[in-house]
Amino acid sequence: MQFRGYQDLRSRLVSRELTCEQVIGSYLQRIDTHRDDNIFTAVFHEKALERARELDGKLQRGEALGRLFGMPIAIKDNIAMNGAPLSCASKILAGYESVYDATVIIRMEAEDAIFVGRTNMDEFAMGSSNENSAIGPVPNPFDKTRVPGGSSGGSAAAVANDLALVALGSDTGGSVRQPAGFCNIVGLKPTYGRISRYGLVAFASSFDQIGLLAGNCDDAALVLGVIAGLDERDATSSHHDVTDYEASMDHLSLEGLRIGVPSAFFPESLNADVAGVVRAGLKKLEDAGAVLVEIDLPESDYAIAAYYILVTAEASSNLARFDGARYGYRSPDSNTLSDMYVNSRTEGFGDEVKRRIMLGTYVLSAGYYDTYYKKAQQVRRVFQDRYREALEKVDVIAGPTSPFPPFGIGDKMDNPLEMYLADVFTVPASIVGMPAVSVPVGFDSLGLPVGIHLICNFFEEGKMLGIARSLQNFCQPVGSN
């Protein structure tokens, strides 16, 4: 049972060709067949089927149907859902269950969505490969010896394997967009504040955002319209009006559209296949009437350096709450209160999380605050100014999602700096807080997916998704794999 997208599914449900129970049962069966792929940390078999039967009854009674009626959705394991396990793929939260719903969960349930399970991830969203998970890595759907990207690797693999129509992820520096590029799907990071962070476990609060992974831009736009908007429980959520993203996509014209192509996004070190596929995709936009404009932007390497100073500083503060005293893992080998704190965190956190906590504590220390943290904030402001200036001259900034195709499981685990460079093209949008999307545009010589990364000005998600949809239609017409 496969669908071209949500509208195809919805029409078949509303016409009663299919029932929600049949659809969700089919998805749950597929999830079970992929159990060895480690994609889900929890599957809601009974709850999802019960919800499906409730929605079938709603249709039979002739009641108004929500905008997401019957849509099967997966949730990254760092978004709160009342009564469901919430582990952030970490030993330190093993066995913990959320006691409340995130705002995005409340809004999606109000529109009749159905949640099928929670997806694997890099521990506390720290990683670019989904290998930093306490329950093990997730394989790439196109080559099981390779990574699906991270930290939302489980969510990306769920959509790519058709185990959910849409998945929620979180994006701090590229954690939705990079795995979307690696798994041949659409990955959307909205403007900072566009979607409430209430119920998202914090990694780096001034960067963290809930994002979307979907098979196509229409489904991403639909769900974004449901979950976007002001939330009084999140002081960082924006008052900016929520627009009709689907209508914005439909009204987009490529004729005369100015696409900024920074030379900084095409360095000599860029994988040749990736460069060729991305440039071919941009050429298709140009052939359709768009104008390619060469622009200058700061080198992304500076963004990476600033980013890892700032996010580790915020992580060292946010993760201080996991101490073994109130909830989660508590070390049994402790005789004093101090031992309990030290042993619980040492045993409960993985290597990458501990690395970032230590780095963050270091850059915030009295002797190094001005040298590192303050300087990184200044670099962040420079990037914000330069990207604003660039987007006064062009409509969108385009380049590769990743500097290389999906890499092998284990290939970069011993070289954290090389792993961090997987996000070199996605981090700048996170630094400035602008919306960005990765859209699939082709494959390299080994048959591995390549994505194009688009950045638009604040709150221009509709226009950005319209450009992304055009790209996807040009490069991967409906019905192709």
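View 1. Strands here are DSSP runs of E with at least two residues, helices are runs of H or I with at least four residues, and both are numbered from the N terminus. Two strands count as paired if DSSP finds at least two bridges between them.

Before moving on, two notes on reading the views. Residues are numbered from 1 along each chain as its sequence is written. Because the model is predicted, local features need pLDDT of at least 70 and side-chain atom pairs count only at pLDDT 80 or more, while totals for chains, interfaces and linings use all residues; side-chain values use heavy atoms, leaving out hydrogens and water.

**View 2. Strands β2 and β4 pair in the parallel sense.** Strands of a sheet pair through backbone hydrogen bonds, either parallel or antiparallel. Here β2 (residues 72–76) and β4 (residues 166–171) are joined over 3 bridges. Look for Ala74: its bridge partner in β4 is Ala167. Contact means heavy atoms within 4.5 Å.

**View 3. Helix α16 (residues 461–475) is mostly covered.** The helix has 15 residues and reaches 21 Å from its first C-alpha to its last, close to the 21 Å expected at 1.5 Å a residue. That expected span is 1.5 Å times one less than the number of residues. How many of the 15 residues in α16 are buried? The count is 12, with Glu461, Met464, Arg469 and Cys475 among them. Buried means under 20% relative accessible area, exposed over 50%, and partly exposed in between (1.4 Å probe, protein chains only).

**View 4. Asn184 and Phe459 each have a positive phi of about 65 degrees.** Most residues other than glycine have a negative phi, and most peptide bonds are trans. Asn184 is found in the loop between α6 (177–183) and β5, and Asn184 is buried, with a relative accessible area of 13%. Phe459 lies in the loop between β11 (449–455) and α16.

**View 5. A cis peptide bond links Gly150 to Ser151.** The omega of this bond is near 5 degrees. To find the spot, follow the loop between β3 (114–119) and α5 (153–160), where Ser151 lies.

**View 6. Asp112 is a buried loop residue.** Its loop lies between α4 (103–110) and β3. The relative accessible area of Asp112 is 3%. Which residues is Asp112 in contact with, leaving aside its neighbours within four places in sequence? Its contacts include Arg51, Lys58, Phe69 and Met71.
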